[in-house]
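Colleague: I would like to learn how to read the features of a two-chain model. Could you take me through them one by one?

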Amino acid sequence: MKTEADYYALFEAYRAGKLAEEERTALEHRLAADPELARRLREFEDLTGTLTAYGRRLALRRRLQTIHAAMEADQAAHLPLAKVAEEDERREQFATGRAPRPLLRISRTEQKLRAFWQGHRATMMVAAAVAVLAVFATLLGMEMYRTAQKPSLYGYTVLRREVERIKRTQRTMNRTLNQIDVTQPGERINPGKFSGTGFALTADGYLVTSYHVIQGADSLLIENRARQRFRAEPVFTDVAHDLAILQIKDKDFIGFGRLPYAFKRGESDLGEKVYTLGYPREDLVFNDGSLSAHSGFEGDTGFYQVSIPVNPGNSGGPLLDDRGNLIGVVSGRQMDVQSAAFATKSSYLMRLVDSLSAAGSGRPYNLPRGNQLSGTSRPQQIRKLQDYVFVVKVYE
Amino acid sequence: MGKGLASYTDEEFVAAIRRDDDRALAQLYRLHFPMISHYVLQNSGTEDEAKDVYQEGVMVFYEKVRDGSLELSCQIKTYLYAVCRRLWLKRLTEKTRFGGHLDDYEPYLETGAEADLELAEERDRQLGTMSQALDLIGEPCRSLLEGFYLLDKSMQQLTAEFGYTNADNAKNQKYKCLVRLKKLFFNQYQELN
(Lines give C-alpha, C1' and ligand atoms only; values in the text may rest on other atoms or scores of the structure.)
Protein backbone atom coordinates (compact mmCIF):
# COMPACT_ATOMS: atom_id res chain seq x y z
CA MET A 1 0.00 0.00 0.00
CA LYS A 2 1.37 3.34 -1.04
CA THR A 3 1.26 6.32 1.30
CA GLU A 4 0.06 9.68 0.13
CA ALA A 5 3.65 10.90 0.08
CA ASP A 6 4.54 8.12 -2.33
CA TYR A 7 1.73 9.18 -4.60
CA TYR A 8 3.04 12.71 -4.51
CA ALA A 9 6.46 11.49 -5.62
CA LEU A 10 4.76 9.68 -8.46
CA PHE A 11 2.68 12.70 -9.44
CA GLU A 12 5.68 14.99 -9.41
CA ALA A 13 7.62 12.68 -11.63
CA TYR A 14 4.58 12.38 -13.89
CA ARG A 15 4.17 16.12 -14.21
CA ALA A 16 7.87 16.63 -14.76
CA GLY A 17 7.73 14.02 -17.53
CA LYS A 18 10.34 11.82 -15.82
CA LEU A 19 8.29 8.63 -15.86
CA ALA A 20 9.17 5.81 -18.21
CA GLU A 21 6.74 5.25 -21.06
CA GLU A 22 4.99 2.15 -19.66
CA GLU A 23 4.76 3.62 -16.14
CA ARG A 24 3.12 6.71 -17.58
CA THR A 25 0.49 4.82 -19.56
CA ALA A 26 -0.19 2.61 -16.52
CA LEU A 27 -0.76 5.67 -14.39
CA GLU A 28 -2.98 7.31 -16.98
CA HIS A 29 -5.08 4.15 -17.17
CA ARG A 30 -5.41 4.10 -13.43
CA LEU A 31 -6.34 7.75 -13.35
CA ALA A 32 -9.10 7.15 -15.88
CA ALA A 33 -10.42 4.18 -13.89
CA ASP A 34 -10.02 5.50 -10.36
CA PRO A 35 -11.74 8.82 -9.61
CA GLU A 36 -10.23 8.85 -6.12
CA LEU A 37 -6.79 8.90 -7.60
CA ALA A 38 -7.78 11.56 -10.11
CA ARG A 39 -9.03 13.71 -7.26
CA ARG A 40 -5.71 13.26 -5.50
CA LEU A 41 -3.87 14.38 -8.57
CA ARG A 42 -6.08 17.45 -8.84
CA GLU A 43 -5.42 18.30 -5.25
CA PHE A 44 -1.72 17.87 -5.73
CA GLU A 45 -1.75 20.14 -8.73
CA ASP A 46 -3.87 22.70 -6.93
CA LEU A 47 -1.48 22.69 -4.04
CA THR A 48 1.73 22.96 -5.97
CA GLY A 49 0.15 25.44 -8.37
CA THR A 50 -0.88 27.69 -5.52
CA LEU A 51 2.50 27.30 -3.91
CA THR A 52 4.35 28.36 -7.01
CA ALA A 53 1.88 31.18 -7.62
CA TYR A 54 2.45 32.30 -4.07
CA GLY A 55 6.17 32.18 -4.66
CA ARG A 56 5.80 34.22 -7.83
CA ARG A 57 3.60 36.73 -6.09
CA LEU A 58 6.16 37.23 -3.36
CA ALA A 59 8.88 37.59 -5.92
CA LEU A 60 6.86 40.12 -7.89
CA ARG A 61 6.17 42.10 -4.76
CA ARG A 62 9.85 42.19 -3.98
CA ARG A 63 10.56 43.32 -7.51
CA LEU A 64 8.03 46.12 -7.33
CA GLN A 65 9.42 47.19 -3.98
CA THR A 66 12.87 47.33 -5.52
CA ILE A 67 11.56 49.34 -8.44
CA HIS A 68 9.81 51.70 -6.10
CA ALA A 69 12.88 52.10 -3.93
CA ALA A 70 15.00 52.74 -7.01
CA MET A 71 12.49 55.30 -8.21
CA GLU A 72 12.55 57.13 -4.92
CA ALA A 73 16.32 57.04 -4.81
CA ASP A 74 16.36 58.51 -8.33
CA GLN A 75 14.11 61.25 -7.20
CA ALA A 76 16.18 62.06 -4.20
CA ALA A 77 19.20 62.32 -6.48
CA HIS A 78 17.41 64.50 -8.98
CA LEU A 79 15.61 66.84 -6.68
CA PRO A 80 18.56 68.95 -5.47
CA LEU A 81 19.74 69.43 -9.04
CA ALA A 82 16.35 70.63 -10.10
CA LYS A 83 16.01 73.14 -7.32
CA VAL A 84 17.41 75.89 -9.51
CA ALA A 85 14.00 77.20 -10.32
CA GLU A 86 10.64 76.57 -8.78
CA GLU A 87 9.09 75.73 -12.13
CA ASP A 88 11.83 73.27 -12.96
CA GLU A 89 11.36 71.53 -9.70
CA ARG A 90 7.71 71.01 -10.30
CA ARG A 91 8.32 69.66 -13.77
CA GLU A 92 11.03 67.41 -12.46
CA GLN A 93 8.76 66.08 -9.78
CA PHE A 94 6.28 65.09 -12.37
CA ALA A 95 8.92 63.65 -14.63
CA THR A 96 10.50 61.59 -11.90
CA GLY A 97 7.17 60.16 -11.04
CA ARG A 98 6.15 61.90 -7.87
CA ALA A 99 3.13 64.06 -7.67
CA PRO A 100 3.64 67.50 -6.16
CA ARG A 101 2.76 67.29 -2.54
CA PRO A 102 0.97 70.28 -1.16
CA LEU A 103 0.73 68.50 2.20
CA LEU A 104 4.48 68.72 2.65
CA ARG A 105 4.61 71.95 4.67
CA ILE A 106 1.57 71.40 6.81
CA SER A 107 1.93 71.55 10.56
CA ARG A 108 0.89 68.66 12.72
CA THR A 109 -2.18 70.41 14.14
CA GLU A 110 -3.36 71.33 10.71
CA GLN A 111 -2.85 67.79 9.57
CA LYS A 112 -5.01 66.58 12.43
CA LEU A 113 -7.65 69.15 11.64
CA ARG A 114 -7.63 68.09 8.03
CA ALA A 115 -7.98 64.46 8.92
CA PHE A 116 -10.84 65.34 11.24
CA TRP A 117 -12.53 67.36 8.52
CA GLN A 118 -12.11 64.52 6.06
CA GLY A 119 -13.61 62.03 8.48
CA HIS A 120 -16.49 64.11 9.81
CA ARG A 121 -17.34 66.32 6.88
CA ALA A 122 -20.64 64.60 6.22
CA THR A 123 -21.68 64.71 9.88
CA MET A 124 -20.88 68.38 10.15
CA MET A 125 -22.79 69.20 7.00
CA VAL A 126 -25.82 67.41 8.35
CA ALA A 127 -25.48 69.15 11.70
CA ALA A 128 -25.23 72.55 10.04
CA ALA A 129 -28.26 71.86 7.90
CA VAL A 130 -30.25 70.79 10.94
CA ALA A 131 -29.16 73.89 12.85
CA VAL A 132 -30.22 76.21 10.04
CA LEU A 133 -33.54 74.43 9.73
CA ALA A 134 -34.10 74.61 13.48
CA VAL A 135 -33.39 78.34 13.55
CA PHE A 136 -35.85 79.06 10.80
CA ALA A 137 -38.47 76.73 12.23
CA THR A 138 -38.16 78.49 15.60
CA LEU A 139 -38.44 81.93 14.05
CA LEU A 140 -41.46 80.90 12.03
CA GLY A 141 -43.05 79.21 15.02
CA MET A 142 -42.53 82.31 17.21
CA GLU A 143 -44.03 84.50 14.54
CA MET A 144 -47.06 82.26 14.21
CA TYR A 145 -47.44 82.03 17.97
CA ARG A 146 -47.32 85.80 18.25
CA THR A 147 -49.91 86.24 15.53
CA ALA A 148 -52.15 83.77 17.27
CA GLN A 149 -51.75 85.61 20.57
CA LYS A 150 -52.64 89.03 19.20
CA PRO A 151 -56.33 89.23 20.16
CA SER A 152 -55.52 88.76 23.84
CA LEU A 153 -53.36 91.89 23.83
CA TYR A 154 -56.38 94.01 24.71
CA GLY A 155 -56.56 92.71 28.22
CA TYR A 156 -52.83 92.64 28.81
CA THR A 157 -51.96 96.25 28.08
CA VAL A 158 -52.05 97.55 31.60
CA LEU A 159 -50.07 94.65 32.91
CA ARG A 160 -47.35 95.15 30.36
CA ARG A 161 -46.89 98.75 31.24
CA GLU A 162 -46.00 97.83 34.78
CA VAL A 163 -43.31 95.37 33.86
CA GLU A 164 -40.60 97.61 32.51
CA ARG A 165 -38.32 94.89 31.19
CA ILE A 166 -40.95 93.07 29.20
CA LYS A 167 -42.27 96.36 27.95
CA ARG A 168 -38.92 97.29 26.47
CA THR A 169 -38.41 94.02 24.65
CA GLN A 170 -41.91 93.99 23.34
CA ARG A 171 -42.29 97.65 22.53
CA THR A 172 -42.59 97.00 18.83
CA MET A 173 -45.25 94.49 19.50
CA ASN A 174 -47.18 96.86 21.71
CA ARG A 175 -47.01 99.70 19.26
CA THR A 176 -49.12 97.88 16.77
CA LEU A 177 -52.33 99.51 15.90
CA ASN A 178 -55.12 97.53 17.39
CA GLN A 179 -58.01 97.78 15.14
CA ILE A 180 -61.37 98.01 16.65
CA ASP A 181 -63.47 95.13 15.62
CA VAL A 182 -64.39 92.38 17.91
CA THR A 183 -66.81 89.59 18.33
CA GLN A 184 -70.04 90.74 19.82
CA PRO A 185 -71.50 88.11 22.05
CA GLY A 186 -74.81 87.33 20.52
CA GLU A 187 -78.12 87.19 22.31
CA ARG A 188 -80.27 86.62 19.23
CA ILE A 189 -80.43 84.36 16.25
CA ASN A 190 -77.06 84.44 14.59
CA PRO A 191 -75.66 87.74 15.74
CA GLY A 192 -72.85 87.68 13.15
CA LYS A 193 -69.20 87.15 13.69
CA PHE A 194 -68.01 90.75 13.88
CA SER A 195 -69.74 94.02 14.14
CA GLY A 196 -68.87 97.66 13.66
CA THR A 197 -70.59 100.96 13.07
CA GLY A 198 -71.62 102.57 9.80
CA PHE A 199 -73.41 105.76 8.76
CA ALA A 200 -75.36 107.02 5.81
CA LEU A 201 -73.47 108.61 2.95
CA THR A 202 -76.42 109.48 0.71
CA ALA A 203 -80.15 109.42 1.20
CA ASP A 204 -80.66 106.63 -1.33
CA GLY A 205 -78.79 103.87 0.41
CA TYR A 206 -75.02 104.33 0.35
CA LEU A 207 -73.23 103.85 3.64
CA VAL A 208 -69.68 104.31 4.89
CA THR A 209 -67.81 102.10 7.31
CA SER A 210 -64.22 101.01 7.95
CA TYR A 211 -62.64 98.53 5.61
CA HIS A 212 -61.40 96.29 8.41
CA VAL A 213 -64.96 95.86 9.68
CA ILE A 214 -66.11 94.13 6.52
CA GLN A 215 -62.78 92.45 5.79
CA GLY A 216 -63.35 88.86 4.78
CA ALA A 217 -67.11 89.20 4.95
CA ASP A 218 -69.45 86.78 3.24
CA SER A 219 -72.56 88.86 3.82
CA LEU A 220 -73.39 92.10 5.59
CA LEU A 221 -76.43 93.21 7.54
CA ILE A 222 -77.22 96.79 8.47
CA GLU A 223 -79.31 97.29 11.57
CA ASN A 224 -80.73 100.63 12.70
CA ARG A 225 -81.77 101.78 16.14
CA ALA A 226 -85.27 100.41 15.63
CA ARG A 227 -83.80 96.92 14.98
CA GLN A 228 -84.74 97.11 11.35
CA ARG A 229 -82.38 95.13 9.17
CA PHE A 230 -81.25 95.58 5.62
CA ARG A 231 -78.98 93.49 3.48
CA ALA A 232 -76.00 95.43 2.11
CA GLU A 233 -73.14 94.83 -0.27
CA PRO A 234 -69.76 96.47 -0.47
CA VAL A 235 -69.45 98.77 -3.48
CA PHE A 236 -65.91 99.93 -3.02
CA THR A 237 -63.10 99.47 -0.51
CA ASP A 238 -59.94 101.48 0.14
CA VAL A 239 -57.55 99.42 2.20
CA ALA A 240 -54.93 102.16 2.61
CA HIS A 241 -57.37 104.59 4.19
CA ASP A 242 -59.45 101.90 5.85
CA LEU A 243 -62.66 102.92 4.09
CA ALA A 244 -65.51 100.91 2.65
CA ILE A 245 -68.63 102.08 0.84
CA LEU A 246 -71.67 99.84 1.12
CA GLN A 247 -74.94 99.91 -0.70
CA ILE A 248 -78.23 98.64 0.71
CA LYS A 249 -79.68 96.03 -1.65
CA ASP A 250 -82.95 95.38 0.02
CA LYS A 251 -86.35 95.62 -1.65
CA ASP A 252 -88.03 96.94 1.50
CA PHE A 253 -85.60 99.82 1.74
CA ILE A 254 -87.16 103.12 0.79
CA GLY A 255 -84.40 105.58 1.63
CA PHE A 256 -82.96 107.31 4.66
CA GLY A 257 -84.65 110.63 4.19
CA ARG A 258 -82.72 113.85 4.13
CA LEU A 259 -79.33 113.59 5.87
CA PRO A 260 -78.88 116.21 8.65
CA TYR A 261 -75.08 116.50 8.39
CA ALA A 262 -72.68 117.67 5.71
CA PHE A 263 -69.26 116.28 4.80
CA LYS A 264 -66.30 118.52 5.36
CA ARG A 265 -63.91 118.64 2.43
CA GLY A 266 -61.11 120.53 4.12
CA GLU A 267 -59.07 119.70 7.18
CA SER A 268 -60.23 120.58 10.66
CA ASP A 269 -58.09 122.44 13.15
CA LEU A 270 -56.39 121.07 16.20
CA GLY A 271 -58.37 121.46 19.39
CA GLU A 272 -61.70 121.18 17.67
CA LYS A 273 -64.35 119.62 19.88
CA VAL A 274 -65.40 116.37 18.23
CA TYR A 275 -67.71 113.51 19.10
CA THR A 276 -68.76 110.17 17.75
CA LEU A 277 -71.69 107.81 17.90
CA GLY A 278 -71.25 104.08 17.67
CA TYR A 279 -72.33 100.61 18.68
CA PRO A 280 -69.65 99.18 20.91
CA ARG A 281 -72.53 97.47 22.72
CA GLU A 282 -76.04 96.66 21.67
CA ASP A 283 -77.02 100.26 22.31
CA LEU A 284 -75.94 103.50 20.68
CA VAL A 285 -73.08 105.10 22.65
CA PHE A 286 -71.94 108.71 22.54
CA ASN A 287 -68.33 109.73 23.21
CA ASP A 288 -66.57 113.05 22.81
CA GLY A 289 -63.15 114.60 22.91
CA SER A 290 -61.02 116.85 20.77
CA LEU A 291 -58.92 116.62 17.70
CA SER A 292 -55.35 116.14 18.88
CA ALA A 293 -53.19 115.67 15.77
CA HIS A 294 -53.26 115.97 12.03
CA SER A 295 -51.64 112.61 11.49
CA GLY A 296 -52.46 109.13 12.61
CA PHE A 297 -50.57 106.01 13.62
CA GLU A 298 -46.90 106.31 12.72
CA GLY A 299 -47.44 109.65 11.02
CA ASP A 300 -50.07 108.47 8.55
CA THR A 301 -51.46 111.74 7.12
CA GLY A 302 -54.65 110.05 5.99
CA PHE A 303 -55.85 110.00 9.59
CA TYR A 304 -56.53 112.33 12.51
CA GLN A 305 -55.60 111.52 16.04
CA VAL A 306 -58.48 112.23 18.37
CA SER A 307 -58.71 111.97 22.15
CA ILE A 308 -61.95 110.05 22.26
CA PRO A 309 -62.33 106.90 24.30
CA VAL A 310 -63.37 104.36 21.71
CA ASN A 311 -64.01 100.67 22.10
CA PRO A 312 -64.23 97.66 19.88
CA GLY A 313 -67.34 98.17 17.81
CA ASN A 314 -66.80 101.90 17.34
CA SER A 315 -64.98 101.28 14.07
CA GLY A 316 -66.66 102.91 11.11
CA GLY A 317 -68.55 105.40 13.27
CA PRO A 318 -68.92 109.04 12.19
CA LEU A 319 -66.69 111.70 13.70
CA LEU A 320 -68.40 115.08 13.83
CA ASP A 321 -67.37 118.54 14.96
CA ASP A 322 -69.36 121.05 17.02
CA ARG A 323 -71.28 122.43 14.05
CA GLY A 324 -72.37 118.99 12.91
CA ASN A 325 -69.94 118.62 10.02
CA LEU A 326 -68.71 115.10 9.42
CA ILE A 327 -64.92 115.27 9.58
CA GLY A 328 -63.84 111.64 9.84
CA VAL A 329 -64.51 107.93 10.17
CA VAL A 330 -63.32 106.22 13.37
CA SER A 331 -60.78 103.54 12.54
CA GLY A 332 -58.64 102.37 15.43
CA ARG A 333 -56.64 103.20 18.52
CA GLN A 334 -53.16 102.73 19.89
CA MET A 335 -52.92 100.55 22.94
CA ASP A 336 -49.86 101.94 24.71
CA VAL A 337 -50.81 105.60 24.41
CA GLN A 338 -53.43 107.27 26.56
CA SER A 339 -56.69 107.70 24.65
CA ALA A 340 -55.24 107.93 21.19
CA ALA A 341 -57.85 107.00 18.65
CA PHE A 342 -57.55 107.41 14.92
CA ALA A 343 -60.06 108.43 12.32
CA THR A 344 -59.83 108.61 8.55
CA LYS A 345 -60.06 112.21 7.34
CA SER A 346 -63.30 113.08 5.59
CA SER A 347 -61.30 114.75 2.79
CA TYR A 348 -60.12 111.30 1.76
CA LEU A 349 -63.66 109.98 1.86
CA MET A 350 -64.75 112.87 -0.36
CA ARG A 351 -61.94 112.27 -2.78
CA LEU A 352 -62.97 108.62 -2.98
CA VAL A 353 -66.60 109.51 -3.60
CA ASP A 354 -65.60 112.06 -6.25
CA SER A 355 -63.47 109.56 -8.10
CA LEU A 356 -66.28 106.98 -7.98
CA SER A 357 -68.73 109.56 -9.34
CA ALA A 358 -66.29 110.44 -12.10
CA ALA A 359 -65.96 106.75 -12.98
CA GLY A 360 -69.76 106.82 -13.33
CA SER A 361 -70.52 103.26 -12.39
CA GLY A 362 -73.70 102.42 -10.49
CA ARG A 363 -76.13 104.96 -9.08
CA PRO A 364 -74.89 108.55 -8.73
CA TYR A 365 -73.77 109.74 -5.31
CA ASN A 366 -76.06 112.55 -4.18
CA LEU A 367 -74.20 113.88 -1.20
CA PRO A 368 -76.18 115.93 1.31
CA ARG A 369 -75.65 119.67 0.79
CA GLY A 370 -77.10 121.52 3.73
CA ASN A 371 -76.23 121.03 7.37
CA GLN A 372 -79.23 121.02 9.68
CA LEU A 373 -77.18 120.55 12.82
CA SER A 374 -75.18 123.78 13.08
CA GLY A 375 -76.28 126.03 15.85
CA THR A 376 -78.25 123.39 17.70
CA SER A 377 -77.25 121.95 21.02
CA ARG A 378 -75.50 118.64 21.19
CA PRO A 379 -78.44 116.56 22.52
CA GLN A 380 -80.55 117.94 19.71
CA GLN A 381 -77.85 117.14 17.18
CA ILE A 382 -77.64 113.59 18.48
CA ARG A 383 -81.37 113.14 18.42
CA LYS A 384 -81.35 113.99 14.73
CA LEU A 385 -78.24 111.98 14.02
CA GLN A 386 -79.07 108.71 15.67
CA ASP A 387 -81.31 107.46 12.88
CA TYR A 388 -78.41 107.64 10.42
CA VAL A 389 -75.95 105.58 12.43
CA PHE A 390 -76.15 101.80 12.04
CA VAL A 391 -74.70 98.55 13.28
CA VAL A 392 -72.81 96.73 10.53
CA LYS A 393 -72.95 93.00 11.15
CA VAL A 394 -70.49 90.81 9.37
CA TYR A 395 -70.95 87.13 8.58
CA GLU A 396 -68.07 84.98 7.49
CA MET B 1 11.07 61.03 -20.12
CA GLY B 2 14.30 62.15 -21.62
CA LYS B 3 16.44 60.09 -19.29
CA GLY B 4 17.96 57.74 -21.74
CA LEU B 5 15.35 55.08 -21.09
CA ALA B 6 13.76 53.38 -24.01
CA SER B 7 10.09 54.24 -24.29
CA TYR B 8 7.61 51.53 -25.14
CA THR B 9 4.20 51.53 -26.73
CA ASP B 10 1.41 49.64 -25.00
CA GLU B 11 1.87 46.61 -27.23
CA GLU B 12 5.58 46.58 -26.63
CA PHE B 13 4.99 46.77 -22.92
CA VAL B 14 2.70 43.77 -22.99
CA ALA B 15 5.10 41.78 -25.16
CA ALA B 16 8.08 42.68 -22.99
CA ILE B 17 6.31 41.82 -19.76
CA ARG B 18 5.25 38.51 -21.23
CA ARG B 19 8.95 37.88 -21.84
CA ASP B 20 9.48 38.88 -18.19
CA ASP B 21 11.57 41.88 -19.11
CA ASP B 22 12.56 43.52 -15.85
CA ARG B 23 13.35 46.87 -17.41
CA ALA B 24 9.99 47.11 -19.12
CA LEU B 25 8.22 46.42 -15.83
CA ALA B 26 10.27 49.09 -14.07
CA GLN B 27 9.58 51.51 -16.88
CA LEU B 28 5.85 50.83 -16.78
CA TYR B 29 5.84 51.17 -13.03
CA ARG B 30 7.53 54.54 -13.14
CA LEU B 31 5.41 55.76 -15.99
CA HIS B 32 2.05 55.47 -14.30
CA PHE B 33 2.86 55.87 -10.63
CA PRO B 34 2.45 59.67 -10.62
CA MET B 35 -1.09 59.39 -11.90
CA ILE B 36 -2.21 56.94 -9.21
CA SER B 37 -0.26 58.66 -6.48
CA HIS B 38 -1.85 61.96 -7.39
CA TYR B 39 -5.27 60.37 -7.51
CA VAL B 40 -4.99 58.70 -4.12
CA LEU B 41 -3.56 61.83 -2.48
CA GLN B 42 -6.41 63.84 -3.89
CA ASN B 43 -8.88 61.42 -2.41
CA SER B 44 -7.74 61.52 1.19
CA GLY B 45 -5.00 58.92 0.98
CA THR B 46 -1.35 58.96 1.97
CA GLU B 47 1.82 58.33 -0.01
CA ASP B 48 2.13 54.84 1.46
CA GLU B 49 -1.43 53.93 0.63
CA ALA B 50 -0.89 55.15 -2.89
CA LYS B 51 2.12 52.90 -3.17
CA ASP B 52 0.21 49.86 -1.87
CA VAL B 53 -2.73 50.41 -4.13
CA TYR B 54 -0.56 51.00 -7.14
CA GLN B 55 1.52 47.91 -6.53
CA GLU B 56 -1.58 45.81 -6.15
CA GLY B 57 -2.91 47.22 -9.40
CA VAL B 58 0.34 46.54 -11.24
CA MET B 59 0.32 43.02 -9.84
CA VAL B 60 -3.14 42.39 -11.23
CA PHE B 61 -2.01 43.67 -14.59
CA TYR B 62 1.27 41.75 -14.52
CA GLU B 63 -0.33 38.45 -13.57
CA LYS B 64 -2.94 38.84 -16.27
CA VAL B 65 -0.21 39.47 -18.83
CA ARG B 66 1.82 36.49 -17.65
CA ASP B 67 -1.26 34.28 -17.74
CA GLY B 68 -1.82 35.39 -21.27
CA SER B 69 -5.43 36.05 -20.33
CA LEU B 70 -5.30 39.80 -20.71
CA GLU B 71 -7.71 41.24 -23.20
CA LEU B 72 -6.85 44.89 -23.26
CA SER B 73 -9.65 46.94 -24.76
CA CYS B 74 -8.16 50.26 -23.73
CA GLN B 75 -4.85 51.86 -22.88
CA ILE B 76 -2.73 50.34 -20.14
CA LYS B 77 -2.99 53.68 -18.38
CA THR B 78 -6.79 53.57 -18.37
CA TYR B 79 -6.78 49.96 -17.26
CA LEU B 80 -4.44 50.68 -14.36
CA TYR B 81 -6.47 53.72 -13.44
CA ALA B 82 -9.69 51.72 -13.36
CA VAL B 83 -8.16 48.91 -11.33
CA CYS B 84 -6.50 51.22 -8.82
CA ARG B 85 -9.62 53.33 -8.54
CA ARG B 86 -11.64 50.25 -7.61
CA LEU B 87 -9.04 49.12 -5.13
CA TRP B 88 -8.86 52.53 -3.50
CA LEU B 89 -12.62 52.77 -3.34
CA LYS B 90 -12.70 49.47 -1.52
CA ARG B 91 -10.05 50.58 0.94
CA LEU B 92 -11.82 53.84 1.59
CA THR B 93 -15.03 52.03 2.30
CA GLU B 94 -13.23 49.93 4.85
CA LYS B 95 -11.50 52.98 6.28
CA THR B 96 -14.27 55.48 6.74
CA ARG B 97 -17.69 55.19 8.20
CA PHE B 98 -19.46 56.95 5.41
CA GLY B 99 -18.34 54.78 2.59
CA GLY B 100 -15.95 55.83 -0.08
CA HIS B 101 -16.44 59.30 -1.30
CA LEU B 102 -14.45 60.01 -4.42
CA ASP B 103 -14.44 63.19 -6.37
CA ASP B 104 -13.42 61.94 -9.73
CA TYR B 105 -15.00 60.52 -12.78
CA GLU B 106 -15.66 56.88 -13.37
CA PRO B 107 -14.09 55.74 -16.62
CA TYR B 108 -16.95 55.05 -18.93
CA LEU B 109 -14.83 52.79 -21.05
CA GLU B 110 -15.33 49.07 -20.66
CA THR B 111 -11.95 48.27 -19.14
CA GLY B 112 -12.74 44.82 -17.82
CA ALA B 113 -11.20 45.92 -14.54
CA GLU B 114 -14.22 44.85 -12.55
CA ALA B 115 -14.16 41.23 -13.65
CA ASP B 116 -10.38 41.05 -13.44
CA LEU B 117 -10.48 42.34 -9.91
CA GLU B 118 -12.96 39.74 -8.83
CA LEU B 119 -10.71 37.02 -10.17
CA ALA B 120 -7.75 38.65 -8.50
CA GLU B 121 -9.60 38.79 -5.23
CA GLU B 122 -10.38 35.12 -5.39
CA ARG B 123 -6.71 34.48 -6.07
CA ASP B 124 -5.71 36.73 -3.19
CA ARG B 125 -7.87 34.70 -0.88
CA GLN B 126 -6.27 31.51 -2.09
CA LEU B 127 -2.78 32.86 -1.67
CA GLY B 128 -3.68 34.27 1.73
CA THR B 129 -4.82 30.82 2.81
CA MET B 130 -1.60 29.41 1.51
CA SER B 131 0.46 31.85 3.51
CA GLN B 132 -1.55 30.98 6.62
CA ALA B 133 -1.08 27.29 5.99
CA LEU B 134 2.66 27.85 5.62
CA ASP B 135 2.67 29.73 8.91
CA LEU B 136 0.97 26.81 10.63
CA ILE B 137 3.02 23.99 9.22
CA GLY B 138 6.10 24.57 11.35
CA GLU B 139 9.81 23.88 10.78
CA PRO B 140 11.54 22.32 8.95
CA CYS B 141 8.66 21.79 6.52
CA ARG B 142 8.17 25.50 6.03
CA SER B 143 11.77 26.22 5.11
CA LEU B 144 11.96 23.15 2.95
CA LEU B 145 8.83 23.98 0.95
CA GLU B 146 9.68 27.64 0.72
CA GLY B 147 13.15 26.79 -0.43
CA PHE B 148 11.89 24.48 -3.14
CA TYR B 149 8.77 26.24 -4.38
CA LEU B 150 9.24 29.86 -3.46
CA LEU B 151 12.95 30.40 -3.81
CA ASP B 152 13.49 27.88 -6.62
CA LYS B 153 16.35 26.07 -4.93
CA SER B 154 17.33 22.67 -6.25
CA MET B 155 16.94 19.50 -4.17
CA GLN B 156 20.74 19.15 -3.96
CA GLN B 157 21.05 22.61 -2.48
CA LEU B 158 18.34 21.90 0.05
CA THR B 159 19.84 18.52 0.94
CA ALA B 160 23.06 20.28 1.80
CA GLU B 161 21.35 23.10 3.64
CA PHE B 162 19.22 20.91 5.84
CA GLY B 163 21.88 18.26 6.40
CA TYR B 164 20.06 15.27 4.90
CA THR B 165 22.22 12.28 4.09
CA ASN B 166 21.05 12.14 0.48
CA ALA B 167 18.64 13.82 -1.93
CA ASP B 168 16.10 11.00 -1.66
CA ASN B 169 15.70 11.58 2.04
CA ALA B 170 15.14 15.24 1.41
CA LYS B 171 12.62 14.40 -1.28
CA ASN B 172 10.69 12.06 0.99
CA GLN B 173 10.66 14.68 3.67
CA LYS B 174 9.34 17.18 1.12
CA TYR B 175 6.50 14.90 0.07
CA LYS B 176 5.50 14.33 3.68
CA CYS B 177 5.51 18.06 4.20
CA LEU B 178 3.35 18.50 1.12
CA VAL B 179 0.78 16.09 2.50
CA ARG B 180 0.65 18.02 5.74
CA LEU B 181 0.40 21.29 3.89
CA LYS B 182 -2.40 19.89 1.79
CA LYS B 183 -4.44 19.05 4.87
CA LEU B 184 -3.88 22.47 6.40
CA PHE B 185 -4.54 24.28 3.16
CA PHE B 186 -7.78 22.56 2.22
CA ASN B 187 -9.09 22.71 5.77
CA GLN B 188 -8.48 26.44 5.91
CA TYR B 189 -9.85 26.99 2.45
CA GLN B 190 -13.05 25.19 3.26
CA GLU B 191 -13.43 27.13 6.47
CA LEU B 192 -13.25 30.34 4.55
CA ASN B 193 -15.76 29.38 1.92
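Modeller: We go through the folds, the cores and then the chain contacts.

Modeller: This is a predicted model, where local features need pLDDT of at least 70, side-chain atom pairs count only at pLDDT 80 or more, and totals for chains, interfaces and linings use all residues. Residues are numbered from 1 along each chain as its sequence is written, with chains lettered from A and ligands numbered from 1 in the order in which they are written.

Colleague: How many helices and strands are there in chain B?

Modeller: Helices (H or I, at least four residues) and strands (E, at least two) are DSSP runs, numbered from the N terminus. Chain B has eight helices and zero strands. The secondary structure of chain A comes to 11 helices and 14 strands.

Colleague: What does UniProt place at residues 122-142 of chain A?

Modeller: UniProt positions are in the numbering used here, feature names are shortened, and annotations may be inferred rather than shown by experiment. The unreviewed UniProt entry puts a "transmembrane region" there. In the model, residues 122-142 of chain A are 100% helix and 0% strand. The end C-alpha atoms lie 30 Å apart.

Colleague: Which residues of α6(B) are buried?

Modeller: A residue is buried if 20 or more other C-beta atoms lie within 10 Å of its own, exposed if 12 or fewer, and partly exposed in between; C-beta atoms are placed from the backbone. In α6(B), the buried ones are C141(B), L144(B), L145(B), G147(B), F148(B) and Y149(B). Just after α6(B), D152(B) has a positive phi of about 55 degrees. Across chain B, 32% of the 193 residues are buried. For chain A, 28% of 396 residues are.

Colleague: Which residues have the most contacts inside the largest nonpolar core?

Modeller: A nonpolar core is a set of buried Ala, Val, Leu, Ile, Met, Phe, Trp, Tyr and Cys residues joined through C-beta atoms within 7 Å. The largest has 55 residues, with L207(A) and A343(A) having the most contacts inside it. Apart from it lies another core of 30 residues, including L28(B) and F61(B).

Colleague: How many residues of chain B are in contact with chain A?

Modeller: Two residues are in contact if their C-beta atoms, placed from the backbone, lie within 7 Å. Here 34 residues of chain B are in contact with 29 residues of chain A. On chain B, α2, α3, α5, α6 and α8 each supply at least two residues of that side.
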